[in-house]
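I'd like to walk you through a structure, so let me put it up on the screen.

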Amino acid sequence: MSSAYPEFRASRCTRYRFRYSECRRCADACPHDAVALDDHGAAIDPARCQNCALCVTACPTDALASDAFKPVDMLRQAIRQACFAIACAPSGATGDAVVPCLGAVDAGSLAYLAKRRIPVELRGAAHCGQCAHGARGAAQLASQLEACALLQQAAATPDAAADWIAPRLDQAEAATPARGQAFAAGRRQWFRRLVGRGAAELAQAADGPASAPPPIPNQAIRPGPYALPERRELLQIVCTRKDGQPFQAPLHEALPMFALTLRPGCTTCEACFRVCPTGALEIEESPDDYQLKFDADRCVGCAVCLEACQPRVLDVEAVFDARPEQPPRVLLAMSKQRCARCDRHFVSPVPEESCPICRDDEDAFTAIFG
């Protein structure tokens, strides 16, 4: 195994893109407390890191990369063989590919090989009880296998089950026991990020009307180039059915994809668009119209848009059609207004006489001169 610890790529990290993000998937996945988080992202402590690569797989945006583990190279090797064995390095097991931890093998890679009908055996899971990565590694492996099985179910037609060859463990029971213990906190945190805002909104409604939430400060969102992880592109290949019908994929922590919806109440602050690290949210404008669109092929399910949405009107579907190359969904369509003062076109959810720039100028003038 390489002695190099994972490299952190800040522009892909949701905590860097949005300084108030509560994402901690990499830290929850790390068995060695080697990941430190702050509002600029994550830092790896090389004195603690043992190169298990669990943090690499846990991050849906590929903000962490490891020279010791490159799934694409493993897949290139696997598709040239009739069968393929993946071995866990700490166990000492042998295989066609040796990985730092079986839990680092993502569901998309497993599903891709299963769909290609390449028998895959995962060797070394029986060693989890004695391994330093053990509980977290076994839990993450169980999660990846569960997600792979769900994709296989979604690929089935009404007349027949999907003709995939599911991956198997050398000892099938070995990766199951730790799942409820080791990954429970991370799973709860993940779902809390998805539904916590909705629950808070319901509680607020029960307590009576409240004032509108403050806008996100500009400094809270840091720009960066868009990047689409290879794992997400792999799922575009996986999520198709032979009969061409919708591929009904479930929301799952190990599957980097979402389907977003938008409830009434959007303020057109564009925070969701500005914070997205992959370009899944896009804005299309003409002189007269404004549209906020969602491209499911580019969504990795990082949930940072839900965190940045102050009106709390963005939501995710529990089950969604994951077929690739669908046209972007229009979440919001509005006609532009014309400012009575400067003649600019602008967008507002309610009729306004002047644009936000002119209103800001008026507020500043009032504050200075009264």
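How many aromatic pairs does the count come to by this rule? Before I answer, please keep in mind that this is a predicted model. The count comes to one aromatic pair. It's Phe 18 with Tyr 20: the ring centres are 5.7 Å apart and the planes stand at 90°, so we call the pair edge-to-face, the cut-off for that being over 60 degrees.

Now, are these two residues buried or exposed? Phe 18 counts as buried, with a relative accessibility of 2%, while Tyr 20 has 46% and counts as partly exposed.

There's another ring to point out, that of Tyr 16. Arg 222 lies over its face, 5.2 Å from the ring centre.

Let's zoom out for a moment. The protein has 12 helices and 17 strands. Of its 370 residues, 48% count as buried. Looking at contacts with a separation of 6 or more, 73% come from residues 24 or more positions apart.

Finally, have a look at an open sheet of three strands, in the order S11-S12-S15, with antiparallel pairing. At its edges are S11, residues 281-285, and S15, residues 329-335; each has a single partner strand, so one side of each has no neighbour in the sheet. On average, neighbouring strands here are turned by 15° against each other, ignoring direction. S11 and S12, the latter at residues 289-294, pair over five bridges. For Glu 285, the bridge partner in S12 is Tyr 290.

Note on methods. Residues numbered from 1 in each chain as written. Predicted model: local features only at pLDDT ≥ 70, side-chain atom pairs only at ≥ 80, totals over all residues. Heavy atoms only, no water. Helix = DSSP H or I, 4+ residues; strand = E, 2+ residues; numbered from the N terminus. Buried < 20%, exposed > 50% of the residue type's maximum accessible area, 1.4 Å probe, protein only. Contact = heavy atoms within 4.5 Å. Phe/Tyr/Trp six-rings, centres within 6.5 Å; stacked < 30°, edge-to-face > 60°. Lys NZ or Arg CZ within 6 Å of the ring centre and 35° of its normal. Pairing = 2+ DSSP bridges. Axes fitted to C-alpha atoms, helices over the stretch in contact; angles between N-to-C directions.
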